[in-house]
Amino acid sequence: MDGIINVYKEAGYTSFDVVAKLRGILKQKKIGHTGTLDPDAEGALPICLGKATKVCEYLLEKDKVYRAVLRLGVTTDTQDMSGTVVRECSPNLSEERLLELIQTFTGKQMQIPPMYSALKVNGRKLCDLARAGVTVERKAREIEIYSIEALSVDMPCVTIQVHCSKGTYIRALCHDIGESAGCGGCMERLLRIKTGSFSIQDAYKLDEIEAAAKGTHPQGKRLSDLMFPIDSVLGEYPCVTAVKGTEKILFNGGRLLAKQTMGQDRFSPALYRMYNAEGQFVGLFRYDEKKLEFYPQKMFL
């Protein structure tokens, strides 16, 4: 199978667990996920199957939308409520001041990844080092918070919705907000609402996917009904269609002259989704403005 299934990851599973379970359900080895979610977190986790694993890198680049519960006054070693409490302090700020403070976290900024994360240092995951009692220096990385909205305030808890760039750690964001508030803070719950174009509204739980695979889905859905085509995640790239008779060139990953395509006269030096004359997605091709031809960047045939 080649395509993408948007899985609703439930609490208690790691992203690796989801991939492992899907391998068993789908009887397919070539599977990859598109961005780690903490075991306690829930939400959209697109899983790529077969040739679609080639688009994992593109999905990882997409921005995300999260809904999180920030608990003020509690600081833990993991920056969430699953960790050991290292400090407690009663919040001493008004709701108005808190909302103002939260808004200061919008925009581009440098964020230090938490020790309890899947990032690797010298080949070892930070979380494994942290569990062994080892703390290492982490380089701050540039992220961007496009928007942050306080949905509800019920002190000491605040529910926030965050639209952010790739690489953003919501746990670290909650921790940093708490530090700025002067009382500390950590993440109590996390739900990933959206990653790229995939949202929780079109996500399926593992038992639903298994039922579709066995033909016992209550709504009669089959696996094909749950899958998105490979090119569905590449919509930001313009498309171009090759004329008939170019199938051999495309199949062999060769270069294609601009005049061997149809529907467009002028092209810019950019990436394009290439389709054959029958409408089958071939791959991503880059246009060479000097040579007036397309050459393959990533093939999906």
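So, the largest pocket: 39 residues line it, and T36, L37, D38, A118 and Y169 are the ones nearest its centre. Keep in mind that this is a predicted model, where local features need pLDDT of at least 70, side-chain atom pairs count only at pLDDT 80 or more, and totals for chains, interfaces and linings use all residues. Residues are numbered from 1 along each chain as its sequence is written, and side-chain values use heavy atoms, with hydrogens and water left out.

By pocket I mean an open set of points on a 1 Å grid over the protein atoms alone, where a 1.4 Å probe fits, with protein on both sides within 12 Å along at least five of seven lines; a lining residue has an atom within 4 Å of a point.

The space in there is about 1,200 Å³, counted as what probe spheres set on the points fill, with points joined across faces, edges and corners. Which helix gives the largest share of that lining? Helix 1, with four residues. Strand 2 (31–33) and helix 5 (170–181) are among the others that each supply at least two. Helices (H or I, at least four residues) and strands (E, at least two) are DSSP runs, numbered from the N terminus.

Now the second largest pocket, with about 250 Å³ of space. Its lining is 16 residues, and D40, A41, E188, R189 and L190 lie nearest the centre. Strand 12 gives the most here, five residues, and strand 4 supplies at least two.
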